[in-house]
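This briefing covers charged and aromatic side-chain contacts. Please read it alongside the sequence and the model.

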Amino acid sequence: GVLILLKSLIHQYHTAALYITHDLAVVAQVADRIKVLRHGKEVEEGLTSQILHNARQDYTARLVAVRGAAASERAVQGTVRQDETVLSIKDCHAYYGDFHVVKGVSLDVKRGETVAVVGESGSGKSTLARVITGLLPPRGGEIVFQGKALPPSLKGRSKELKRRIQLVYQIPDVAINPRQSLLDIVGRPVQFYYGLGRAETLTRARELMKLVELPEDFLQRRPGQLSGGQKQRVCIARALAAKPDMIILDEPTSALDPLVAEEI
């Protein structure tokens, strides 16, 4: 809808447009020509049809292929332990003031399983995440985590319970301190939950940076020196640093290159 309108307006007014994105699905609907960049250098440039159907470079071909191949590949990689339910929600209700946002939601999440909560903007997805993490106490229903009732408010949860459930926000700018270095941001859970010293924290932070495909020397940078996708990878690394039993991810790959999203 919006993309088609945008393209028609560009043609109607004979406007030159430069569309910057990591999403090839968007590009296919809008662009006449595509230039692919990686690490600050041009990988390939050509007509949209050529890039999508006859890419000359391996990186471009992988960007195109990941859209179709990823889902089928993941479908055969089942590692779910059906006998162990980590999270069980029954008839959950949540409100903002008098506004009823989450209405009788129930779901189970088992160890090794990824459950996707899908819905349009405003449908209650992020609110459900806030309920599970204790940021918004529910007004009804039952939430059981690892066999025990989950305290409704974050204040009632122990340090160890907080470690076991980690949240990655949709917008990284609201979740990280712009005045801290990445080492401070990623290393904080390592020190807070495991009491590691500076040297061990640095070693663990380097491991986490590799996991999310960021250079080790980025640890000395601050968030303002990173792109949106890089900041989101820092948030994911911070969540992994706590070694949680469950991670709640609120559209965490919306700002990422598709190949990096697949790795995450």
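The charged end of which residue sits over the ring of Phe192? It is Lys159, whose charged end is 4.4 Å from the centre of that ring; a charge sits over a ring if NZ of Lys or CZ of Arg is within 6 Å of the ring centre and within 35 degrees of the ring normal.

The model is predicted, so local features need pLDDT of at least 70 and side-chain atom pairs count only at pLDDT 80 or more, while totals for chains, interfaces and linings use all residues. Residues are numbered from 1 along each chain as its sequence is written, and side-chain values use heavy atoms, with hydrogens and water left out.

**Salt bridges around Lys35**

- The structure contains 13 salt bridges, each defined as a side-chain nitrogen of Lys or Arg within 4 Å of a carboxyl oxygen of Asp or Glu.
- Lys35 pairs with Glu42 in a salt bridge at 2.6 Å, N to O.
- Lys35 also forms a salt bridge with Glu45, with 2.9 Å between the closest N and O atoms.
- Lys35 belongs to strand β1 (residues 33-38) and Glu45 to strand β2 (residues 41-47), so this pair ties together parts that are 10 residues apart in sequence.
- Helices (H or I, at least four residues) and strands (E, at least two) are DSSP runs, numbered from the N terminus.
- Lys35 is partly exposed at 44% relative accessibility, where buried means under 20% relative accessible area, exposed over 50% and partly exposed in between (1.4 Å probe, protein chains only).
- Glu42, at 47%, is partly exposed, and Glu45 is partly exposed at 30%.

- Glu160 and Arg164 meet through their side chains in a salt bridge of 3.0 Å, N to O.
- Both residues lie in helix α6 (residues 159-164), 4 residues apart, which is about one turn of the helix.
- Glu160 is partly exposed with a relative accessible area of 35%, and Arg164 is partly exposed at 24%.

**Aromatic rings**

- The structure has 1 aromatic pair.
- Phe192 and Tyr193 make up an edge-to-face pair, at 4.9 Å centre to centre and 75° between the planes.
- Rings of Phe, Tyr and Trp (its six-membered ring) pair if their centres lie within 6.5 Å; planes under 30 degrees apart count as stacked, over 60 as edge-to-face and the rest as tilted.
- Phe192 is partly exposed at 35% relative accessible area, and Tyr193 is partly exposed at 21%.
- Arg221 lies over the face of Phe218, 3.9 Å from the ring centre.
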